[in-house]
Amino acid sequence: MSKITFTGNKALQIEEALIFEVSDFSRTGVDLPAPTGKTTRLGGVARESAIGLPGLSEPETMRHYVRLSQKNYAIDMGPFPLGSCTMKHNPRLNEKMARLPGFGDIHPLQPEKTVQGALELIDTLAFWLKELTGMPAVAMSPKAGAHGELCGMMAIKAALEARGESATRTRVLAPESSHGTNPATAAQCGFTVDNIPADSSGRIDLEAFRAKLGPDIAGVMVTNPNTCGLFERDICAISEAVHEAGGYFYCDGANFNAIAGKARPGDLGVDAMHINLHKTFSTPHGGGGPGSGPTVFSKSLAPYAPVPNVISENGVYRLVESLQATGSEDDGVKSFGRLTAFHGQMGMFVRALAYMLSHGIDGVAQAAEDAVLNANYVLALLRKEMTPAFDGYCMHECLFDDRFLKGTGVETLDFAKAMIDEGYHPMTMYFPLVVHGAMLIEPTESESKHELDLFCGALLSLAKRAKAGEVDAFRAAPEHSPCRRLDETTAARKPILRWTPPPTVNEVE
Amino acid sequence: MRYLPLSPADRGVMLDVVGIATIDDLFADIPVSALNAKFNLPEHQGELEVERSMGAMAAKNRAAGAGPFFVGCGAYKHHVPATVDHIIQRSEFLTAYTPYQPEIAQGTLQYLFEFQTQVAALTGMEVANASMYDGSTGCAEAALMARRITKRRKHILSGALHPHYASVVRTSLELHENIVVPAPIDIKGTEDLASMIDAETACVIVQNPDVFGNLRDLSSLADACHANGALLVAVVTEAISLGAVKSPGEMGADIVVGEGQSIGNALSFGGPYVGLFATRQKYIRQMPGRLCGETTDIDGKRGYVLTLSTREQHIRRDKATSNICTNSGLCTLAFTIHMTLLGENGLRRLAMLNHEAACKTADMLGGVDGVEVVNNAYFNEFTLRLPTNAVEVVDALADRGILAGVPGGRLWPDVPEADNLLIVAATECATEEDIDRFSVALGEVL
């Protein structure tokens, strides 16, 4: 493509160099008093050589990051229909609450009597999570969804160990449609992973599942609603069967937002489930974290929960931080250990509780209903030109395959990239793996009908264009984004993971 | 409900389009037994009511900025420039997803590339990833990585590694036929870890400055590791120290993990923080976590993408290097903005201000009757041996408005020799007056 402007800039899109290329390494954006230089007790390990850190003044810093920000898509700009990712509105009240000095400016190792309100907040959030899931216990410390999975699977491992069966129960079942974190987590806990086939409706094949059970089963990992956006109708039969076989039921709670306030996982036989506070309870995704993944436990796994946990005695909150303090095994307490330093993602706890208090139980249930209604509305509109992967209604996300693109030369990737030029972030592509050329759309409850009409209108136009044979337009997309398609193959083959100074004149010679 | 755009009329129209009579039809797959739950939870509230009840909880806590404050041990009170918090709240950063569509996520990707470069420089290593959950989980991942590289199962932990970090390593590794060998508690930084290394050793994990504040030269330990085919994992829980102290890379570390909270991030009662993770180029394919790499687009323009994802769970599933599926995005952004504002000179100056504050505090407190400073060399944190149980002293000082540090009994409840220890951190936030008040009050409560 020919260069449109002399500068490479395109009006509001300004090209921005790396900080390493514009700083002379002496500038700074902070004013600090000079050290006296009188005392040093660095014991002979003072850092003498140059570090290589560029600095910028405050206005330069502001401009650098504001220009970068303008190259990002965000939920505040438009629909972010990533299936299984739950990009819902992030209320700014939550941000304000997390920045109250009483929450943001307290240290995890201050004396308990100086942080009673923080412990009260954790306890209150824990109550909400237990109540919404119908589960008796929750571990608050997991730092993200996958960390919560680890928490759940470690508790299962510990429970099996207590039963003297950890050496024999080594196999975990998970559907092929599961998130990659499920098998990765199971493997990290030393389990082998065995796939459960799906039936033609996109759900677990109950008979095939039963046939896979045996005396070596540690448990099953099921996402419900599943990653095809469908509720596993046989969920009670699945949990009964795995319990009968002596295993445990781990539920991946990534899609809990579809049923929060409507149904309780505890009533479905779940033994452990992580909750993504950054999905269901609106804490910001922040360009990829931080997340937060509290994990609820059934009565049978609760004794193995990790430290720390918050307890209250006569209106005074206490933190139980060490294994010694959890009580003796005679009391039935057998905590599997510690998952992280300190007490978990407090900043996310504050935001999640602000969301819950704002919604109330009525709002949480309404949010689930609206999310499911929005997904079905999108499904109903798009089926005119696109091909749903399965028959029937969906839960909070709708799944399409690439049959409607057959013979057009346009692939799912091209279709997604064309959405970028239309001003939309693409849906989740090529996941779940069980559907060819999958496109998974999760609108969430945050989208208005007007916004969904525009979105579906754009997708229908694109589908018609693909069928009309305009394949070149798709393969060239995106044309209007800050960058066009990037060469990911070379990036992986010859990784450049950091800036290095350009060679000096002498080195070039 | 202020967060829900659909009106009752919209819902009616949409139900018609879907072709159903009531919303309940869409929940028909859920067993009825689970649908009739009664929740003991309140109804929705306006902003004012939520602010009131949450504000009341916040008011029951004593903020670090409310008075003399000397608590550290893996989380530190530093001043964060106003610019940092402003930028990270921009919608395009705050409400973006993981940059899986790089054409419309170059903002996130470029700052990650800059972050990786800054962390590599700071730690003295060749490459860094886009961050881990925090320092402690990064520490466990480093041990697992050492096992993948060396194919050995034994991991030696320094006796001056933060006890929470040691617990996380043990919890994560013992699942998996690893042997974790913790050295005895090492208050003075004099342990001999080199003699514990053998042909089965995957790595030695050592913290610098250590949990008691001692500074160490890790060079000879690195040599001992390498002579036996083991890796040295260096842990840094106070990132500001790297502006004054020789980097772990310069001392021969193979993997450096760190807690980056000190730079750009609030204390926030322990999280979210940002785990730093750096290593040698030759080990990148064994690294956990997200990596951002440079490439070009089809017009030849420079751009950035997430790369080497064949290590990761969404591609490799049960064969992945880790189950981690995120980084600490926004905390990473806060870190890199603050680091950019500081620059080399600012960081060095800030580090020396911290060091001088600690030296001054140690001199004052060491002058109190019956109090002994344990350390010879330290950065911004040191350990006092008190004539009495430090938990009670900290409690009594809290009643006088002073948050004095971390008592040994909090971190080592089962080690009697730690009972009288008090670990004290002093940063640029500690004023002369704060230090005076602390030393006077300490004299009074002892």
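**Close-up views of a two-chain predicted model**

**Figure 1. Strands 6 and 7 of chain B pair side by side.** Strand 6 (residues 255-259) and strand 7 (residues 275-279) of chain B run antiparallel and are joined by 5 bridges. Within this pair, B:Glu259 lies opposite B:Gly275 of strand 7. Strands here are DSSP runs of E with at least two residues, helices are runs of H or I with at least four residues, and both are numbered from the N terminus. Two strands are said to pair if DSSP finds at least two bridges between them. The model is predicted, so that local features need pLDDT of at least 70 and side-chain atom pairs count only at pLDDT 80 or more, while totals for chains, interfaces and linings use all residues. Residues are numbered from 1 along each chain as its sequence is written, chains are lettered from A and ligands numbered from 1 in the order in which they are written, and side-chain values use heavy atoms, with hydrogens and water left out.

**Figure 2. The pair belongs to an open sheet of 7 strands in chain B.** The strand order is 1-7-6-5-4-2-3, and the pairing is mixed. Strand 1 (127-128) and strand 3 (179-182) of chain B form the edges, each pairing on one side only. In general, strands of a sheet pair through backbone hydrogen bonds, either parallel or antiparallel.

**Figure 3. A second open sheet in chain B has 4 strands.** Its order is 10-11-13-12, with antiparallel pairing. Strand 10 (372-373) and strand 12 (406-407) of chain B each have a single partner strand, so one side of each is left without a neighbour in the sheet. Strand 11 (residues 381-385) and strand 13 (residues 421-425) of chain B are linked by 5 bridges, and B:Glu381 stands opposite B:Ala425. Helix 11 (residues 329-366) of chain B lies across strands 10, 11 and 13, at about 10 degrees to strand 11. For such angles, axes are lines fitted to C-alpha atoms, for helices over the stretch in contact, and the values run from 0 to 180 degrees between N-to-C directions.

**Figure 4. Chain A meets chain B.** Contact (heavy atoms within 4.5 Å) involves 206 residues of chain A and 199 residues of chain B. The buried area is about 17200 Å², of which carbon and sulfur atoms give 62%; this is the accessible area (1.4 Å probe) that the two parts lose on being put together, summed over both. In chain A, the residues losing the most area to chain B are A:Arg41, A:Arg47 and A:Leu497, together 5% of what that side buries.

**Figure 5. Salt bridges cross the interface of chains A and B.** The rule finds 17 of them there, a salt bridge being a side-chain nitrogen of Lys or Arg within 4 Å of a carboxyl oxygen of Asp or Glu. One links A:Lys96 to B:Glu51, with the closest N and O atoms 3.1 Å apart. Helix 10 (residues 346-382) of chain A gives the most to the side of chain A that touches chain B, with 25 residues.

**Figure 6. A salt bridge within chain A joins A:Arg27 and A:Glu60.** Their closest N and O atoms are 2.2 Å apart. A:Arg27 is in the loop between helix 1 (19-22) and helix 2 of chain A, whereas A:Glu60 is in helix 2, 33 residues apart.

Figure 7. Most residues other than glycine have a negative phi, and most peptide bonds are trans. The bond from A:Gly289 to A:Pro290 is cis, with omega near 0 degrees, and A:Pro290 is in the loop between strand 6 (272-274) and strand 7 (295-297) of chain A. Another cis bond joins B:Asn208 and B:Pro209, with omega about -10 degrees; B:Pro209 is in the loop between strand 4 (201-207) and helix 9 (219-227) of chain B. A:Ser84 has a positive phi of about 75 degrees, in the loop between helix 2 (58-69) and helix 3 (92-98) of chain A.
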